[in-house]
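Student: Could we go through this model together? I would like to begin with the domains and then turn to the chains.

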Amino acid sequence: MFSGKVFGAVAGAAVLALSATGAFAQAKDKVKVGFIYVGPVGDFGWSHQHDQGRQAIEKAFPGKVTTTFVESVPEADSERAIEQLARTGHDLIFTTSFGFMEPTLKVAKKYPNIKFEHATGFKRAPNLSTYAAKFHEGRYITGVIAGKMTKSNVIGYVGAFPIPEVIAGINAYYLGAQSVNPNVKIKIVFANTWFDPAKEGDAAKALLDQGVDVLAQHTDSPAPIQAAEARGKFGFGQASDMERFAPKAQLTAITDNWSDYYVARTKAVLDGTWKSEDTWGGINAHMVVMTPYKNMPDDVKKMAQDTEAAIKSGQLNPFKCPVLGQDGKEIECKGNGSLSDEQVLGMNFYVKGIEDKIPQ
Amino acid sequence: MTTFEAILLTIVTASTPLLIAALGELVTERSGVLNLGVEGMMAMGAACSFAAAVTFDSTLLGVAAGMLAGVLMAALFALVVLGFAANQVGSGLALTIFGLGLSGLVGAPFVGARRDPIAHIDIPVLSDIPVIGRLFFEQDLFVYGSMALTILIALYLTRTRSGLTLRSIGENHTSANALGLPVWRVRFWAILFGGACSGLAGAYLALVYTRFWSPGMTAGRGWIALALVVFAAWRPGWLLVGAYIFGAATVLQLHAQAAQFGVPPQVLSAVPYLATILALLLLSLRRGRAVGAPGSLGVPFVPDR
């Protein structure tokens, strides 16, 4: 599943968002909202979370909104599905995978009066918005917990591919751990797949065999955290709550929550205030939600809650300057007191203290 | 348990489903039928075994359901390629696509359910031998079963009359038919056996390896099993070796990463496939001995009437 992966967004900086919308604003009584999912609704991961958002819209505007969804749409064949929704009277269409970017743009140009929203992409148009979530904020919190919970002082990370989104996650996780435990080490394994439960599990076992006792994952199945559970170690859920697979091992899970955003955007169409925008929300925007902190002592729990609150209030940024590269040199700070969004979205270096090399 | 032992244990789990599925395909191919539907039959085996195991809370029933699913899929394939003498490559590919799709439907209600690990059978005394003790004598039944199956199939193919019949049909179905050998019947059973093994491999994947089900969880293992049969030059003994090399390559590359050897994981992931190409190359270089594909492999059988 290539959906949640926000890569290449640096290039997207070149594609400027057009703030002025061509169509004039007009309030509506009834709105029809369509969704395109890359996976099945029952995947208990990426598509499942988007569908929760769709259901939230139906609840928020009873009688005013109807929704439809098309699930398991292959990215290569998505244009037909998107156009189908456009033709059948939908006012607002969400396409929820990175690979839907070009098809969405194409259909959006053909139907200028329909509003489109594309998740995790970087190409916008007057009637096409983009949105994504700052998962690395959640990763920082899990890092703080890992740094406190590890007894071996070796924490682990099962990544999918060495792409910027995953690298940023690893760095945020490690910086979090380092902030509470200067001696902590990290071991990283790339499974080279987003989804292969057996291989993800083997990757987790390899880390556990080599002394890792707190495991984070950036692949889609619950296999890694399940492996941690079987060994009596700890882990973090990915994308959705994985507690049922690892009731003793899951410390918390970083989940996506699109409900608030979807409700807000639908309301904007109802009110006639919808504008093409680029939204990258994190814990503050309630797009990234941590499940209850469990299986840890109260002081660690408190620390996790405090970290979450600090990120929410904007007091703490996981990539607050100075950020040191692996060689100990400071990374140029292009943002306001922290790395800029573009720097995070295009991250291609490990921070100081990570001894591994990024596979090239 | 030392790290070394732990690594060996993971290799066994990674290799077993490959071995089981490949053994079934080997028998099918030795009878002269190429079934490219292994991936689809495995996916169905995984979905049906998991569904049955959760519904009846029984691993045994789950395994039975997985094998039955594999057999039914194989029967469909047999109908098409034996009954209608259809192209085996096309039919096999269709079976894979069909199986992957149907397994999604069967398994949909069971996404998110989980099973507890199954028991490992500890053979007393022997399992206390250092290093190899736990490796060979404290495994689950599937592992012992896959070893036994390898030996039985090797004996069957080389030491029994029925095995000889199967091989001669695979080598040249026209001659075999002229001799009065039951080409269709033997191939039918060989295809069903292949299906049962694929189903069993799928059941192992869902019930032992991951202990949950999700769509597409076979993740290409059926194709690796197919490659293994070629790698092993259609011999069960080499299949065992090949399956364990594949399993070891997969697991060791993960360990190499964790140990920060600095080798790109993409390259390491490709190693098993490079090994297959190398094996094929070495096979073709070997001269003098009759190794290689059964003579009638993949050729539809249409007797003269």
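Student: How many residues of domain 1 of chain A are in contact with residues of domain 2 of chain A?

Tutor: In this predicted model, in which local features need pLDDT of at least 70, side-chain atom pairs count only at pLDDT 80 or more, and totals for chains, interfaces and linings use all residues, 12 residues of domain 1 of chain A are in contact with eight residues of domain 2 of chain A. Two residues are in contact if their C-beta atoms, placed from the backbone, lie within 7 Å. Residues are numbered from 1 along each chain as its sequence is written, and chains are lettered from A and ligands numbered from 1 in the order in which they are written.

Student: Which elements give two or more residues to the domain 1 side?

Tutor: They are α1 (9–12) and α2 (46–60) of chain A. The most comes from α2(A), with three residues. Helices (H or I, at least four residues) and strands (E, at least two) are DSSP runs, numbered from the N terminus.

Student: What about chain A as a whole: how many helices and strands does chain A have?

Tutor: Chain A has 11 helices and 12 strands. Its radius of gyration is 20 Å, close to the 21 Å from the globule rule for 360 residues, so chain A is as compact as a globular protein of that length. The radius is taken over C-alpha atoms, and the rule is 2.2 Å times the number of residues to the power 0.38. Of the 360 residues in chain A, 55% are buried. A residue is buried if 20 or more other C-beta atoms lie within 10 Å of its own, exposed if 12 or fewer, and partly exposed in between, with C-beta atoms placed from the backbone.

Student: And chain B: how many helices and strands are there in chain B?

Tutor: Chain B has 12 helices and two strands. For its 305 residues, a compact globule would have a radius of gyration near 19 Å, and the 20 Å of chain B agrees. In chain B, 47% of the residues count as buried. Among chain B contacts between residues at least 6 apart in sequence, 78% join residues at least 24 apart.

Student: How many residues of chain A are in contact with chain B?

Tutor: There are 35 residues of chain A in contact with 34 residues of chain B. On the chain A side, β7 (185–190), α7 (197–209) and α8 (223–230) each supply at least two residues. The largest share, 10 residues, comes from α7(A). That side divides into 16 nonpolar, eight polar and 11 charged residues.

Student: Switching to α1 of chain B: why is it described as largely enclosed?

Tutor: Because 21 of the 28 residues of α1(B) are buried, the helix is largely enclosed by the rest of the structure. Helix α1(B) bends by about 30° at B:S15, with a proline, B:P17, following within four residues. The bend is the angle between axes fitted to the seven residues ending at a residue and the seven starting there. Just after α1(B), B:G32 takes a positive phi of about 100°.

Student: What is phi of B:A85 near?

Tutor: Phi of B:A85 is near 50°, a positive value in a residue other than glycine. B:A85 is in the loop between α3 (59–83) and α4 (88–107) of chain B, and counts as partly exposed because it has 13 C-beta neighbours inside 10 Å.

Student: Back in chain A, which residues does a cis peptide bond join?

Tutor: The cis bond joins A:C321 and A:P322, with omega about 0°. A:P322 lies in the loop between α10 (298–313) and α11 (341–345) of chain A.

Notes:
Nonpolar A, V, L, I, M, F, W, Y, C, P; charged D, E, K, R; others polar.
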